[in-house]
Amino acid sequence: MDKRQARAFEAFAAGSGAELLRIATLLTSDPHIAEDVYQETLQRLAARWSRVDNPRAFCRRVMHNIVIDQSRAAARRPRETRLFPASDSSDPRSADPHDAVELRPALFAALDTLTAQQRAIVVLRYFDDRSEADVAQLLGVSTGTGRSRAPPRARWPSCGAIPG
């Protein structure tokens, strides 16, 4: 890029910056991510400045593509695990607070993979220590239905909390 093209690019960026940032913010719904998208867009535009006929249209298209790429990448990444307090004083069975911290994220991740009914069956059966008949009665289903809709135990982390 020669000096004349560099000045033209800088003038475009200065004149259209607010508009492009507003578009990026509307596309992402997050001002911090929007700034990153805006910067990436300007970098791509600068690399192709001499070949771009309509810079505003190019920027809109590039921003759209970046946001789509980011959402696809986020969908491929595993969900982030939330951090929990060091110990759970409400559960008297968690004698070792370090074991409770290590188990909790795996347990919640496993519970999140279940349907609402499967989750209710697991919680009532194994964590509330109820019989199959009690669980069926509480959920308003037959004992066989409760048993057949329970998830397979192979999906659960080996933590000792669920009988094997």
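1. Val135 touches Ile121, Leu124, Arg125 and Arg130, leaving aside residues up to four places away in sequence. The model in which these contacts are found is a predicted one. Val135 belongs to helix α6, which covers residues 132-139. Its relative accessibility is 3%, so Val135 counts as buried, the cut-off for that class being under 20%. For one of the residues it touches, Arg125, there is also a C-alpha distance: Val135 and Arg125 lie 6.4 Å apart in space and ten residues apart in sequence.

2. On the chain as a whole: it has seven helices and zero strands. Read from the N terminus, the order of elements is α-α-α-α-α-α-α. The chain holds 164 residues, and buried residues make up 24% of them. If contacts are taken between residues at least 6 apart in sequence, 51% of these join residues at least 24 apart.

3. How do α1 and α2 pack? Helix α1 spans residues 3-28 and helix α2 spans residues 31-48; their axes come within 9 Å and cross at roughly 140°. The two helices are therefore oblique to each other, since only angles over 145 degrees count as roughly antiparallel. The crossing of α1 past α2 is right-handed. On the α1 side the contact is made by Phe9, Phe12, Ala13, Gly17, Leu20, Leu21, Ala24, Thr25 and Thr28. On the α2 side it is made by Ile33, Ala34, Glu35, Val37, Tyr38, Leu42, Leu45 and Ala46. Sorted by class, the contact of α1 with α2 has 13 nonpolar residues, three polar and one charged.

4. Ser29 sits in the loop between α1 and α2. Its phi is near 65°, which is a positive value in a residue other than glycine. Is Ser29 buried or exposed? With a relative accessible area of 65%, Ser29 is exposed, as the class begins over 50%.

5. Asp36 lies in helix α2. Asp36 is exposed, because its relative accessible area is 52% and the class requires a value over 50%. Ala24 itself is among the α1 residues that make the contact with α2.

6. Next comes the pair α2 and α3. Helix α3 covers residues 55-76, and it packs with α2 at an angle of about 130°, the axes being 9 Å apart. These helices, too, are therefore oblique to each other. Their crossing is right-handed. From α2 the contact draws on Ile33, Val37, Glu40, Thr41, Arg44, Leu45 and Arg48. From α3 it draws on Pro55, Phe58, Cys59, Val62, Met63, Ile66, Val67 and Gln70. The contact of α2 with α3 has ten nonpolar, two polar and three charged residues. Ile33, Val37 and Leu45 of α2 take part in this contact and are also listed in the contact with α1.

7. The remaining pair of these helices is α1 and α3. Their axes come within 10 Å and cross at roughly 30°. That angle makes α1 roughly parallel to α3, a term that applies under 35 degrees. The crossing is right-handed. Phe12, Ser16, Glu19, Leu20, Ile23, Ala24, Leu27 and Thr28 of α1 meet Pro55, Arg56, Cys59, Arg60, Met63, His64 and Val67 of α3. By class, the contact of α1 with α3 consists of nine nonpolar, three polar and three charged residues.

8. Where is Ser16 placed? Ser16 is in helix α1. Its relative accessibility is 1%, so Ser16 counts as buried.

Note on methods: Residues are numbered from 1 along each chain as its sequence is written. This is a predicted model: local features need pLDDT of at least 70, side-chain atom pairs count only at pLDDT 80 or more; totals for chains, interfaces and linings use all residues. Side-chain values use heavy atoms; hydrogens and water are left out. Axes are lines fitted to C-alpha atoms, for helices over the stretch in contact, and angles run from 0 to 180 degrees between N-to-C directions. Helices (H or I, at least four residues) and strands (E, at least two) are DSSP runs, numbered from the N terminus. Angles under 35 degrees count as roughly parallel, over 145 as roughly antiparallel, 65 to 115 as roughly perpendicular and the rest as oblique. A crossing is left-handed if the near helix is turned anticlockwise from the far one by less than a right angle, and right-handed if clockwise. Contact means heavy atoms within 4.5 Å. Ala, Val, Leu, Ile, Met, Phe, Trp, Tyr, Cys and Pro count as nonpolar, Asp, Glu, Lys and Arg as charged, and the others, Gly among them, as polar. Buried means under 20% relative accessible area, exposed over 50%, partly exposed in between (1.4 Å probe, protein chains only).
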